[in-house]
Amino acid sequence: MIRVLLVDDQALLRAGLRMILENAEDLDVVGEADDGARATALAMETIPDVILMDIRMPEVDGLEATRRIRASLPDGPRILILTTFDLDEYVYSALRAGASGFLLKDTLAADLLSAIRVVARGDAIVAPPITRRLIERHIGTSGDPLPRTEAELRVLTEREREVLELIARGLSNAEIAGRLFLTEGTVKGHVSRILTKLGLRDRVQAVIFSYECGLVRAGA
């Protein structure tokens, strides 16, 4: 069973989400919270596999809750951000803080269930083109120094660096395998080592890292 915590300040939305999730045999709703502070406490208490987190809430919002949960449970729940707008600056900040992806609140029920299962497996759910739009809106266009330096890439081999750049450009493992004339299994191994060496949780974090260190540049 995949244990899910629901976090939204609108009771009606939480009820709708619960109804969808309870109709799935492999999902179990372990709690509900109407603000980020309560969400953090419930996450510590119930240790869910996935948290559906509203981004905009009074008092403690979803961004701050994501930071608190990641700090308290670094290897703990995967967090899916719920938002109304896919280019919300809060969404980008939440991804950077450790969320594994985001969903629009009008996402179809089938897509919602699929997304929960994907992140529960340890993958990220944000489509690369959307990730790139978010990043390019917030990095590399203001003239401010990049948050990371290219020197941080030195832990990677040349091949791993190639793979990381292709991840950042939105290629799937199969597409990377075709581009570099490797097997898909070999690419998966490279991806796993890249995430481990750089201390990243998933592909979304890898894309953000690539832009922040200048490996890939906005608009390129």
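Which helix holds the place of Asn173? I looked this up before anything else. Asn173 sits in helix H8, residues 173-180. I keep in mind that this is a predicted model.

**Entry: the chain overall**

I counted secondary structure. The protein chain has 10 helices and five strands. I then checked burial. Of the 220 residues in the protein chain, 47% are buried. I also looked at contact range. Among contacts with a separation of 6 or more, 69% join residues 24 or more positions apart.

**Entry: Asn173**

Is Asn173 buried or exposed? Its relative accessibility is 14%. The cut-off for buried is under 20%. Asn173 therefore counts as buried. I listed its contacts, leaving out residues up to four places away in sequence. Asn173 touches Glu184, Val187, Lys188, Val191 and Arg203.

**Entry: H8 against H9**

I followed Asn173 into the helix pair. H8 and H9 pack at an angle of about 110 degrees, and their axes are 8 Å apart. The range for roughly perpendicular is 65 to 115 degrees, so H8 is roughly perpendicular to H9. From H8, I noted Asn173, Ala174, Ile176 and Ala177. They meet Glu184, Val187, Lys188 and Val191 of H9. By class, this contact of H8 with H9 has five nonpolar, one polar and two charged residues.

**Entry: H7 against H9**

I turned to another partner of H9. Helix H7 spans residues 158-168, and helix H9 spans residues 184-198. They pack at about 95 degrees, with axes 10 Å apart. H7 and H9 are therefore roughly perpendicular to each other. On the H7 side I found Arg159, Glu160, Val163, Leu164 and Ile167. On the H9 side I found His190, Val191, Arg193, Ile194, Lys197 and Leu198. The contact of H7 with H9 divides into six nonpolar, one polar and four charged residues. I see Val191 of H9 here, and I had it down in the contact with H8 as well.

**Entry: H10 and its ends**

How many residues of helix H10 are buried? H10 covers residues 203-212 and is mostly covered, with nine of its 10 residues buried. I wrote down the buried ones: Val204, Gln205, Ala206, Val207, Ile208, Phe209, Ser210, Tyr211 and Glu212. Then I checked the ends. Asp202 caps the N-terminal end of H10. A side-chain oxygen of Asp202 lies 3.2 Å from the backbone nitrogen of Val204. After H10 comes Gly214, with a positive phi near 90 degrees.

**Entry: H4 against H10**

I checked what H10 packs on. Helix H4, residues 89-97, crosses H10 at roughly 100 degrees, and the axes come within 9 Å. That makes H4 roughly perpendicular to H10. H4 contributes Tyr92, Leu95 and Arg96. H10 contributes Val204, Gln205, Ile208 and Glu212. The residues of this contact divide into four nonpolar, one polar and two charged. Val204 turns up here and also in the cap with Asp202.

**Entry: Asp54**

Which residue does the UniProt annotation "modified residue: 4-aspartylphosphate" cover? The record, an unreviewed entry, places it on Asp54. I located Asp54 in strand S3, residues 50-54. Its relative accessibility is 2%, so Asp54 counts as buried. I left aside neighbours within four places in sequence. Asp54 is then in contact with Val7, Asp8, Asp9, Gly62, Leu82 and Lys105.

How values were computed
Residues are numbered from 1 along each chain as its sequence is written. This is a predicted model: local features need pLDDT of at least 70, side-chain atom pairs count only at pLDDT 80 or more; totals for chains, interfaces and linings use all residues. Side-chain values use heavy atoms; hydrogens and water are left out. Helices (H or I, at least four residues) and strands (E, at least two) are DSSP runs, numbered from the N terminus. Buried means under 20% relative accessible area, exposed over 50%, partly exposed in between (1.4 Å probe, protein chains only). Contact means heavy atoms within 4.5 Å. A polar contact is a pair of N or O atoms within 3.5 Å; within protein, one must be able to donate a hydrogen and the other to accept it, and residues adjacent in sequence count only if both atoms are side-chain atoms. UniProt positions are given in the numbering used here, feature names are shortened, and annotations may be inferred rather than shown by experiment. Axes are lines fitted to C-alpha atoms, for helices over the stretch in contact, and angles run from 0 to 180 degrees between N-to-C directions. Angles under 35 degrees count as roughly parallel, over 145 as roughly antiparallel, 65 to 115 as roughly perpendicular and the rest as oblique. Ala, Val, Leu, Ile, Met, Phe, Trp, Tyr, Cys and Pro count as nonpolar, Asp, Glu, Lys and Arg as charged, and the others, Gly among them, as polar.
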